[in-house]
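Subject: Structure handover

Hello,

I am passing this structure on to you. Please have it open while you read my notes.

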Amino acid sequence: MDIQAIKIDSKDTVATCMQDAHIGDLVTLTSPFRETLLCISTIPAWHKIALVDIKAGDAIYKYGECIGTATEPIGKGGWVSHLNVVGADRQYDEELWQEAL
Amino acid sequence: MQFLGYKRSEGRSGVRNLVLVLPTCGCASETARIVANQVQGTVNVIINTGCADVEANTELTQRILTGFALNPNVFAVVIIGLGCETVGHTELRQKIQKETSKPVVSFGIQEEGGTLKTAAKAVSAARELVAQASMQQRIPCDVSELLVGLECGGSDATSGLAANPALGLCCDRLIDEGASTMLSETIEFIGAEHILARRAANKEVHDQIIGICKAYEEHLASAGQSCRAGQPTPGNKEGGLSTLEEKSLGCIKKGGSRPIVEVLQEAVRPTKQGSIIMDTPGYDIASITSMVAGGCQLVAFTTGRGTPTGIALAPVLKITGNRETYRHMLDNMDTDVSGIIGGEYSLEDGANRIYDDILSVCNGKLTKAEAFGFSDVCIDHVCRFV
């Protein structure tokens, strides 16, 4: 089955599947990206698919921004979710200008 | 780019030409409604404050009432007061008149001797003002005069993927053409505030963005409410959101990518042009109230599940990326960008659709909420009533 997925920014390493995707499905990115990749996991609708091979500790990019880091390797075409991505634990005081630069 | 608007003697041009019947407090709101009901071309607001408040709440109410009167969509103001509220009609009128030369008249219910006697005078004044307003023609105005408020509510999975990023691209285009936009809902920045802060035009703005998030989180903590615990919610995770960064980014992406030039307190008018932030709650109606008091002539509102809300002073354009919602709630939805989700067109195409609709509405096309005459107002509160 051919599944559509939305990639938002050219920097993104994940896209969001518009339907349930299964192992062996072809996943096509919507305009303007148009790339097609092979799905290697079961991915529920509205969940993310890895667009590249991701190593444990790699930053995950969506919206062109880091949304968290991978806790385990995720192959290209694999399911990216709360089970294998964690957000950063941050403190406001460390986010002030001096530290931010 | 230009739109057809109403020139004002000072400040930005209006996209509507309204006579506002403005109560000073909750007790004058219903009399104000009766006045507005008698005169086509007027709008009224119902407010829940103006009395029995701590100073901080009084200050916010005053900023909102004054801000409503100064909004460019308002041609003239008819103030209805009671007589024993914190700030009476004469004082409010004088405050407004210090900042604008638009016509402002005021009446007090206790002074006049009740609702009917007040209404008799106020209706007659409002009719005169509407007649004056009706003589004014729309003329071409530069898009740099536009200040567009941004809001999202009733979000679903399509909000962060289609409507918000498309609105963000639309904002970039508006700002590049010289217009200004106002992002609000501080509570929804939390988790991605460091990413938002990176868009700051300078150090001061950067630290203000972090500062308003910290202050909001502390404020809610003082009432026992945590902003981060349990975020994203189990429902969010099931819906495909993995981290709070991802959830908050989906919201702030509607503000686009241009440098943020100013961070405003709630209901304060900007002093700069470009991408602006106002520190408001995530509660849609309160946030829209404050942005319109801050001078927004139009609010672009993204939604997934659909919402009817509207404010009488400014068009609220409903944008959805959910095709089912657009069809199912056609009475309330204005702009359909579901083709992004369907893969029929790109985010850029969706942004252009929003841009075109914003321009049409500025030129006079009524939004769904305006056609119904919706007038939702909520004045934010920092403390219980006294």
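Here is what I found, starting with the conventions.

This is a predicted model, in which local features need pLDDT of at least 70, side-chain atom pairs count only at pLDDT 80 or more, and totals for chains, interfaces and linings use all residues. Residues are numbered from 1 along each chain as its sequence is written, and chains are lettered from A and ligands numbered from 1 in the order in which they are written.

**Chain contact**

Helices (H or I, at least four residues) and strands (E, at least two) are DSSP runs, numbered from the N terminus.

**Sheet in chain A**

Six strands form an open sheet with mixed pairing, in the order β4-β3-β1-β2-β5-β8. (Strands pair if DSSP finds at least two bridges between them.) β4 (36-38) and β8 (79-80) of chain A are at the edges, each with a single partner strand, so one side of each has no neighbour in the sheet. β1(A) and β3(A) run parallel, joined by 4 bridges. A:A5 has A:L29 of β3(A) as its bridge partner.

**Helices in chain B**

Where do α2(B) and α3(B) meet? B:L65, B:T66, B:A69 and B:L70 of α2(B) meet B:L92, B:K95, B:I96 and B:E99 of α3(B).

Best wishes

Technical notes:
Two residues are in contact if their C-beta atoms, placed from the backbone, lie within 7 Å.
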